[in-house]
Number of protein chains: 2
Amino acid sequence: MSLNARIDQAVGQTIRRAQRSPAPDRLAAAIEYAVTPGGARIRPTILLSVALACGDPNPRLSDAAAAALELMHCASLVHDDLPCFDNADMRRGKPSVHRAYSEPLAVLTGDSLIIAAFEAIAKTEGAEPSKALELVLTLAKRTGMPLGICAGQGWESESKIDLSAYHMAKTGALFIAATEMGAIAAGHDAEPWVELGARIGEAFQVADDLRDALMDEASLGKPAGQDDLHGRPNAVAEFGVDGATQRLRDILAGAIASIPSCPGEAALARMVQATAEKIIPEPARHRGMTPRIPGE
Amino acid sequence: MSLNARIDQAVGQTIRRAQRSPAPDRLAAAIEYAVTPGGARIRPTILLSVALACGDPNPRLSDAAAAALELMHCASLVHDDLPCFDNADMRRGKPSVHRAYSEPLAVLTGDSLIIAAFEAIAKTEGAEPSKALELVLTLAKRTGMPLGICAGQGWESESKIDLSAYHMAKTGALFIAATEMGAIAAGHDAEPWVELGARIGEAFQVADDLRDALMDEASLGKPAGQDDLHGRPNAVAEFGVDGATQRLRDILAGAIASIPSCPGEAALARMVQATAEKIIPEPARHRGMTPRIPGE
């Protein structure tokens, strides 16, 4: 089965569990709306790629971890779009959850998805409890306070921002979770995989800054120019478009170089390369060469 | 150590973990503000009382479970107070989190508390992983969709409400979680404890309806008359004040009768009785006798 099919199946299973009778219909529908059709599913793809690179001996557990990570990502998007944050009317080319279903249901959708994420891991049949528990712990660490995506959003309410902590938490955290959780689900030690996740996260942040600066709302599927509008720190303001593009390539090369030695190292490097192709926005893609994979 | 002291210590430990540097200061402060000083801590008190009735052989795990449950309860209060739900300016006699810290920080506080709850359980030192995992699963079931407090809130966005599912999820869920998790943490089977939790939850809902109808904002520490204002189904509208008070007494007697046979059965019955004294609002207390504990 392809990674995408595995992710869709695992995510679908989790959603159907949340929708079981006697669920309130509209919240059940809003949860599905928030998660499907999916975006690029980059984080769970990385998670499963790392698990496969490590041999993936417990596919049910890695599938559950992938679904959990994707649900968390979707939850953060739903809450970030709320009027009190980005006040975004659109997401992935359709109305945001609070626009389609109401603000109370958007808050509850995010809350329900966060909870469903932990449930997905804890419910995995046949999983070694200590591994499942380590996944719960890692997911919590990379989503909550003080190091996770909640902290990342929290930094935007501070008058003085610790930029490194901010970026690491805001964008890095879920990518680090992806590589750590992929390794854990496959029975490997998480620590050697932190750097790969951190570097991919950093690349993603720069790519996002470039997209926000270079693309229009129609291509983005959400409002453009938000960083400038909200005065958020971003790589394009700091380095210019060319500088940010070069930085993105350097980071991706470093990411590939950081992959720990494992049976599926070469395939994983190709996956990171493919991810890079996807995340570099079209207008910036022609400003230099794509990074080369060592040995290819 | 008293139950209150155990709960305060466990909750404090979890909050301090969430506040560790490099946490954003305001979100860190908002999290503490949302959880301290605590309310009556009724849910974690029930949890620890059930654990003690079952012998409480793993106090670190039952403490973590109690903290997790209280954090979830606080998270739900913070989100329920938001402008798009109750729009409550006050909570526990002080400004609600979104009034004191801002709406974005209130959303993030709730999210962070939900995550910290699961983390508290997963991080318990020396706990048997399968027990910790069962606690994670039970907490998720009783807080998310389709049976938990998120579902309970979700029912309020439906045009046709399944009243039984609504009450069970909205108020019952966290009390069922309390009795189930107390039993699990002590190594007992959760199922025989569901009824006690459900009945306490039902009593609490009726007591809450009475308080909302009979008391003023100053005594409640939050706006009164909200059920009427929002046209929510409630026991006072259905049975009148006397009928609702009698119903409350009947439910509490049933709760006490439902306690499974266990070493600390009598002490637990006294605890439920004491809880009853606390939750029956003053103006209704003199409308009849307090329920008697069988055999006392």
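Buried means under 20% relative accessible area, exposed over 50%, and partly exposed in between (1.4 Å probe, protein chains only). The model is predicted, with local features taken at pLDDT of at least 70 and side-chain atom pairs at pLDDT 80 or more, while totals for chains, interfaces and linings use all residues. Residues are numbered from 1 along each chain as its sequence is written, chains are lettered from A in the order in which they are written, and side-chain values use heavy atoms, without hydrogens and water.

**Exercise 1.** Find which residues of α14(B) are buried, and what they pack against.

Solution. Helices are DSSP runs (H or I, at least four residues), numbered from the N terminus. In α14(B), the buried residues are Leu268(B), Ala269(B), Met271(B), Val272(B), Gln273(B), Thr275(B), Ala276(B) and Ile279(B). They pack against α3 (42–53), α10 (194–214) and α13 (235–257) of chain B.

**Exercise 2.** Determine how α6(A) and α6(B) are oriented to each other.

Solution. Axes are lines fitted to C-alpha atoms, for helices over the stretch in contact, and angles run from 0 to 180 degrees between N-to-C directions. The two helices, residues 103–122 in each chain, pack at about 20° with axes 10 Å apart. Angles under 35 degrees count as roughly parallel, so α6(A) and α6(B) are roughly parallel.

**Exercise 3.** List the residues through which α6(A) meets α6(B).

Solution. Contact means heavy atoms within 4.5 Å. Glu103(A), Asp111(A), Ile114(A), Ile115(A) and Phe118(A) meet Glu103(B), Asp111(B), Ile114(B), Ile115(B) and Phe118(B).

**Exercise 4.** State the angle and axis distance between α1(B) and α2(B).

Solution. Helix α1(B) (residues 3–19) and helix α2(B) (residues 25–35) pack at about 165°, with axes 9 Å apart. That makes them roughly antiparallel, the term for angles over 145 degrees.

Key:
Angles under 35 degrees count as roughly parallel, over 145 as roughly antiparallel, 65 to 115 as roughly perpendicular and the rest as oblique.
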